[in-house]
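The briefing below goes through a single protein chain topic by topic. Please keep the sequence and the coordinates at hand while reading.

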Amino acid sequence: MTMRAVVRGVGHYLPTRVVENAEFEAMPDLDTTDEWIKTRSGIERRHFATDGDTTSSMAAAAARAALADAAMSADDIDAVVLATSTADLTFPSAATMVQSALGMTRGFAFDVQAVCAGFVYALANANALIISGQARRVLVIGAETFSKIMDWTDRSTCVLFGDGAGALVLEAEDGAGTSADRGILATDLNSDGRYRDLLYVDGGVSTGTSGYLRMQGNQVFRHAVEKLASTAHTAMDRAGVTADEVDWIVPHQANIRIIQGTAKKMNIPMDQVVVTVQDHGNTSAASIPLAMSVGRARGQLKDGDLIVTEAIGGGLAWGAVVLRW
Ligand code: UT7
């Protein structure tokens, strides 16, 4: 018998403020167009936090939705693993703020910081907690408020990102140890700090400011497709599955051209890829659980489906998870 971390519920939260590309086009100093944003990134709109929204409040809202979907309460949860690069404060963790918002007085909670790869890292950590017997039920959340770290004068970044949160509830279940099991079948994590200057925030405790996101987008792009396809193949090999068995790719939603290029390299047609980048923009660690929640609501991800999820971001850090829903 093999212990598996099985998805029991999924949910998300998006701020009510929707910003269309036209709003950026109307900013004369920015010198951008709806056409450029759409053709270069696939993004048409994104949500931005309003006054009441913080990373932890959005995370708690997504967690409540996932718990409702799992027919569980916060009392059932042993651990909260929250992927974010935009926690409300330097500390305590956004995860402990979620614990407090949900009224959880037991278990443990911590943040994972791997930027856009954060949710894949969080899933791998939650899986490790479950298969090692340290937790039976884990809330895995991705939540971001990237609008707080945008330089609104930098057209090469400020049009690309959005805010939001998504969450999964994972629960331990005995499996047979084959790729027919439900739950997480394999994970693959990578990082290479030589590329840390390609995507970073120029603030933190060393500057006394929270700083702004800086990105050499075309350099990140050059790494993305190759590294994403490679990590996906490694995770699929570990899981013992082939491309023709995969039902859905749920990719990190940064750029439609990266999503298409990776799917092509993986030999999986675009009608088996969950795409939300047009409506959410790049929500960093929130993008995969948001896409899972929206995909599930669209009827794209069904019980028993074999799913590959992959992401890359600042670090560079990248990885993939293979799971059967
Ligand atoms: O999620 C974390 C990981 N991040 C990513 O995966 C992002 C990866 N990178 C990308 O998605 C793409 O590189 C971008 C969407 C960021 C940019 O697309 P690109 O095709 O790589 O364009 P580029 O950066 O090479 O810029 C092309 C041109 C430049 O002008 P010149 O030098 O050719 O005259 C830019 O100045 O587009 C210009 N440009 C813009 N023009 C209008 C850059 N941003 C804008 C803009 N509007 N918003």
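Where does Leu316 lie? Leu316 is placed in the loop between strand 12 and strand 13, where helices (H or I, at least four residues) and strands (E, at least two) are DSSP runs numbered from the N terminus. This is a predicted model, in which local features need pLDDT of at least 70 and side-chain atom pairs count only at pLDDT 80 or more, while totals for chains, interfaces and linings use all residues. Residues are numbered from 1 along each chain as its sequence is written, and side-chain values use heavy atoms, with hydrogens and water left out.

**Backbone geometry**

- Most residues other than glycine have a negative phi, and most peptide bonds are trans.
- The peptide bond that joins Gly315 and Leu316 is cis, with omega about -15°, and the bond from Phe91 to Pro92 is also cis, with omega near 5°; Pro92 belongs to the loop between strand 4 (79-83) and helix 4 (94-102).
- Val115, a residue other than glycine, has a positive phi near 50° and sits in the loop between strand 5 (108-112) and helix 5; with a relative accessible area of 17%, Val115 is buried (buried means under 20% relative accessible area, exposed over 50%, and partly exposed in between, with a 1.4 Å probe and protein chains only).
- Asn267 is not a glycine either, yet its phi is positive at about 65°; Asn267 occupies the loop between helix 8 and helix 9 (277-280) and, at 65% relative accessibility, counts as exposed.

**Helix 5**

- The 14 residues of helix 5 (residues 118-131) should span 20 Å at 1.5 Å a residue, and the end C-alpha atoms are 20 Å apart, which agrees; the expected span is 1.5 Å times one less than the number of residues.
- Eleven of the 14 residues of helix 5 are buried, so this helix is largely enclosed by the rest of the structure; among the buried residues are Phe119, Tyr121, Asn127 and Ile130.
- Just after helix 5, Gly133 takes a positive phi of about 80°.

- Ala239 is found in helix 7 (residues 217-239) and is buried, with a relative accessible area of 11%.
- Not counting residues up to four places away in sequence, Ala239 touches Ser179, Leu185, Ala186 and Val322, a contact being heavy atoms within 4.5 Å.
- Although 82 residues separate Ala239 and Val321 in sequence, their C-alpha atoms are 9.3 Å apart in space.

**Salt bridges**

- The whole structure holds 17 salt bridges, each defined as a side-chain nitrogen of Lys or Arg within 4 Å of a carboxyl oxygen of Asp or Glu.
- One of them joins Asp188 and Arg238 (3.0 Å, N to O) and links distant parts of the chain, with Asp188 in strand 8 and Arg238 in helix 7, 50 residues apart; Asp188 counts as buried at 6% relative accessibility, whereas Arg238 counts as exposed at 51%.
- In the salt bridge between Arg194 and Asp192 the closest N and O atoms are 2.6 Å apart; Arg194 is exposed, with a relative accessible area of 63%, and Asp192 counts as buried at 17%.
- Arg214 and Asp202 meet through their side chains in a salt bridge (3.0 Å, N to O); Arg214 lies in strand 10 (residues 213-215) and Asp202 in the loop between strand 9 (199-201) and strand 10, so the pair ties together parts twelve residues apart in sequence.
- Arg214 is partly exposed at 23% relative accessibility, as is Asp202, with a relative accessible area of 33%.

**Asp154, a buried charge**

- Asp154, in the loop between strand 6 (137-145) and helix 6 (155-158), is buried yet has no salt bridge, the nearest side chain of opposite charge, Arg214, being 4.3 Å away (Lys and Arg count as positive and Asp and Glu as negative, while His and the chain ends are not counted).
- Leaving aside neighbours within four places in sequence, Asp154 is in contact with Leu30 and Arg214.
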